[in-house]
Amino acid sequence: MKAKALSVKECTWMSEECHPVDELLRDTQVDSLCLPNIFKSKKVKPLTRIQSGPTYQVYYTARELLLDVLDRGAVRELIRRAVGVKAGAKRPSYSQSREQSTDLSEEEYAEALTWFSIVLQNGLSAGDNCSFGSELTLKLDGWQGVLKRNSFQTNLLSLTRLEDGDKLEALSAFCSHITRRYQALYTPGQNLAVKKYQLSYQQGPCPLNLALLCDLSSGFVCNMYLYCPEQLQRRSRKPVVAQVVEHLLRPFCSHRHLVQLDSSAWMEGRLTDIFSGFGVNINFVPTVKNRVTDPTSSSCPPVKLHQRRRTSEDSLPQLVAHLQGWTGPALLPLSDLKRSVVDVFLSGFWVALHMICINTFVLHTLQSQSSGRQVHLTEFTRTLASQLAVDSSVTVPVLPRLNSSSYQETSSTNLLKQRANITSCGEAMESERRGCSSAVRLQGWNTPGVCGLNNSGNSCYLNAVLQCLCSTVPLVEHLLNQDTRKELARSKCRVAEAFVRLLEEMWLGRSSSCAPVEARSVLCSILPQFNNYSQQDAQELLLLLLNALHDNLKKVAKQQMRSSIRRPRQDQNRNCAAAAIDSTIVSHLFEGQLSYMTLCMHCKLQGHSTQAFTVLSLPIPTDIIKCSIQDCLSLFFEQTILTGAEQMLCSVCGLRRETAVLTCLDKPPEILMLHLKRFGCKGKNQVKLRSNVAFSMRLDLSPFLSSSVQNTSYSSYRLYAVVNHAGHLNMGHYTALCHNALTQTWHCFDDSVVREVQDSLVQSPNAYLLLYSRKRFQKPKIHGL
């Protein structure tokens with residue numbers, strides 16, 4: 001391995017990246033040189049009530065902060081792939097590597113930290129004109145003997161023998177782990193920027209380009225994308241800049257961010273039109289003179305009054321100087337130095353490692369604002385690197401130690417002033433907020449059950465479902481009951497326990513928002529289809545979550561029945577316990593029963609059957625712009641004739657006959673959940689039905705009840721929660737509107753943002769799930785409320 005300086009310089013978008021690709025040039029092969037999003041949305045429990053700026057977690061030391069991200073899991077992601085790579089092999093043996101690398105020993109982790117410590121000892125230098133020169137090469141080359149014996153370096157070299165696609169897959173897994181660690185560290189402010197960078201070594205450019213989504217007020221990297229322009233052009237007709245910006249903004253759509261973009265990507269205004277439905281405001285700024293520019297790039301857009309030109313690094317605060325570029329250490333195989341193309345894996349790996357150091361620097365600097373001491377990026381990373389090694393014999397200056405008590409309100413005030421000086425786009429955002437004048441935004445509230453949920457990377461579908469369940473008062477009362485909590489802990493019910501802890505924080509906590517990190521982690525462990533950052537179906541998650549809760553509570557019931565059998569004096573209760581073992585609060589509240597009457601159209605044989613349900617999936621009448629929820633119910637319960645392949649086997653005729661089926665509601669549930677089937681197929685294409693389904697606060701089900709329940713009080717329901725879906729099939733955003741039983745008011749939950757809304761604004765053409773209750777919810781009986 002040979003030491004080289006990797007330079008990352010901000011640049012403009014090339015003209016070929018700003019034009020659509022001819023359809024004849026499209027390539028259907030998977031892009032082997034494109035990474036998925038590396039840093040996703042990082043919305044977590046804020047430390048302050050300031051909504052306009054970023055929030056972040058407080059850590060004790062900078063070393064602790066870095067190791068929380070670059071932990072054993074991150075190192076294991078690399079090592080487990082490298083173990084399966086044999087000399088001369090093109091693909092790793094993943095089954096073998098998993099068996100041999102199920103855990104990471106202390107020695108292996110210490111080896112990796114020692115390697116990081118040696119390589120990063122020269123630190124990173126911020127700015128676009130920085131260079132280490134021969135100093136970097138001389139120092140690192142002196143450590144070559146130690147580095148050759150390091151097992152972690154051996155594993156990295158094994159990965160360089162893979163095909164490019166496998167290299168990017170290994171790097172993607174490494175970066176995905178880092179993403180999950182960053183979820184609980186930072187919430188970006190409103191003012192973001194998309195920046196493009198060129199990667200180059202001393203011997204020439206790197207085949208990968210880098211695009212970052214940065215928080216302008218702090219310099220924190222919110223999202224990262226490594227790509228090869230040629231590969232993106234072959235994959236899609238969309239302009240490269242549109243594909244890159246879409247990847248970066250996808251986790252932040254519908255969050256009303258103001259995103260700055262270099263005017264070289266103006267594309268005569270087409271880019272603004274492309275992202276008009278993203279819920280972000282794209283603002284083009286003039287190209288800075290000292291960037292690497294393309295003379296043929298698209299013409300510049302008109303500059304708005306609130307845009308401010310930044311012409312030199314000296315005008316930037318030290319905290320965000322790295323946004324113009326940086327230079328950092330890198331180790332390359334000697335074979336790479338003789339070729340014109342540098343290894344893809346190592347280039348991406350070094351950039352990811354540099355970004356970890358930069359984000360650590362940003363977070364630590366934000367936390368130590370009140371100390372008055374300014375530490376430059378180079379000094380910080382050098383000190384941090386020397387502290388990484390477990391057995392370091394070098395005496396280094398200790399960075400300021402922090403704990404939660406060192407973060408004072410005065411520092412947040414000073415930080416807010418600095419943010420205002422860095423970039424001022426507040427007027428534009430404020431005008432957007434005033435557009436929602438009919439809704440009241442809540443700041444610093446402490447209303448039980450009114451708590452936002454931070455987005456952890458396309459998790460809006462989960463947040464919307466959790467808000468609805470949090471507003472289901474009978475379920476909350478049962479789960480937060482002290483006896484129930486003891487039984488859950490005794491039976492080791494992971495899903496229910498995580499959900500209960502989240503409910504406790506939402507109903508009894510003091511924060512305006514919280515992060516459902518544990519609940520999502522537990523769900524993903526049992527439902528692997530949700531263990532990604534793709535858009536998911538809220539209705540599917542709701543069903544699976546209720547099933548998981550039901551299974552956990554049945555486990556508690558079985559445990560209680562075993563205890564009753566062991567006690568001889570409880571014989572009279574054994575039969576009751578055995579009968580109730582399959583019944584839980586979930587089935588009691590959400591389970592209903594449908595009745596099916598069948599009639600053979602040939603011999604007139606009648607039949608009857610029943611089926612339990614949790615959610616009614618209602619069809620939407622086609623080819624109409626507006627309908628009512630009663631129209632959807634009528635369509636669901638209308639008599640149908642089963643013909644063709646759907647014919648039923650008649651026991652009298654002995655043949656499949658056309659059969660008439662009449663559906664009725666035999667047992668209405670306490671909580672009625674209606675799912676509007678907006679997603680379907682039109683020919684070979686999947687589409688979303690955008691019909692405006694009108695629904696009211698009160699719902700009458702009497703036309704659809706069977707004769708056995710016709711004259712009961714089961715027909716009247718009250719609306720208490722709505723899940724909305726905005727956007728289309730491949731990209732959208734979920735929000736929830738829920739009625740609070742304490743305040744008797746409605747609130748809109750858009751992830752961590754909560755607004756009180758009037759009853760008249762609950763109606764929405766984006767309604768996807770409707771939750772009704774037979775009984776009016778009263779103040780929940782929760783201990784401590």
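What follows is a working chat about a predicted model of one protein.

Biologist: Before I look at details, what should I know about numbering and how the values were made?

Modeller: This is a predicted model, so local features need a pLDDT of at least 70 and side-chain atom pairs count only at pLDDT 80 or more, while totals for chains, interfaces and linings use all residues. Residues are numbered from 1 along each chain as its sequence is written, and side-chain values use heavy atoms, with hydrogens and water left out.

Biologist: What average pLDDT does the protein have?

Modeller: The average is 76, and 73% of the residues score at least 70, where pLDDT is the predictor's confidence in each residue, from 0 to 100. Over residues 23–51 the pLDDT is below 50, although this stretch has 125 contacts in the model beyond near neighbours in sequence, a contact meaning heavy atoms within 4.5 Å. Residues 302–316 also stay under 50, and for them the model has 29 contacts beyond four places in sequence.

Biologist: Which residues of α20 does α17 meet?

Modeller: On the α20 side they are Phe-499, Leu-502, Leu-503, Met-506 and Trp-507, which meet Leu-466, Gln-467, Leu-469 and Cys-470 of α17. By class, this contact has 8 nonpolar, 1 polar and no charged residues, with Ala, Val, Leu, Ile, Met, Phe, Trp, Tyr, Cys and Pro counted as nonpolar, Asp, Glu, Lys and Arg as charged, and the others, Gly among them, as polar.

Biologist: What about the geometry, and is α17 covered or open?

Modeller: The axes of α17 and α20 (residues 494–508) come within 11 Å and cross at roughly 75°, the axes being lines fitted to C-alpha atoms, for helices over the stretch in contact, with angles from 0 to 180 degrees between N-to-C directions. The two helices are therefore roughly perpendicular, a label for 65 to 115 degrees, whereas under 35 is roughly parallel, over 145 roughly antiparallel and the rest oblique. Helix α17 (residues 460–470) is mostly covered, with 11 of its 11 residues buried.

Biologist: What angle do α1 and α14 make?

Modeller: The axes of α1 (residues 62–69) and α14 (residues 377–388) cross at roughly 70° and come within 10 Å, which makes α1 roughly perpendicular to α14. Ala-62, Arg-63, Leu-66 and Leu-67 of α1 make the contact with Phe-380, Leu-384, Gln-387 and Leu-388 of α14, and by class it has 6 nonpolar, 1 polar and 1 charged residues.

Biologist: What does Thr-360 touch?

Modeller: Leaving out residues up to four places away in sequence, Thr-360 touches Ala-62, Leu-65, Leu-66, Tyr-182, Phe-380 and Leu-384. Thr-360 lies in helix α13 (residues 344–367) and counts as buried, at 1% relative accessibility.

Biologist: Switching to rings, how many aromatic pairs are there?

Modeller: The count is 19, where rings of Phe, Tyr and Trp (its six-membered ring) pair if their centres lie within 6.5 Å, and planes under 30 degrees apart count as stacked, over 60 as edge-to-face and the rest as tilted. Phe-349 and Trp-350 form an edge-to-face pair, 5.5 Å centre to centre with 65° between the planes. Phe-349 is buried at 0% relative accessibility, and Trp-350 is buried with a relative accessible area of 0%.

Definitions and conventions
Buried < 20%, exposed > 50% of the residue type's maximum accessible area, 1.4 Å probe, protein only. Helix = DSSP H or I, 4+ residues; strand = E, 2+ residues; numbered from the N terminus.
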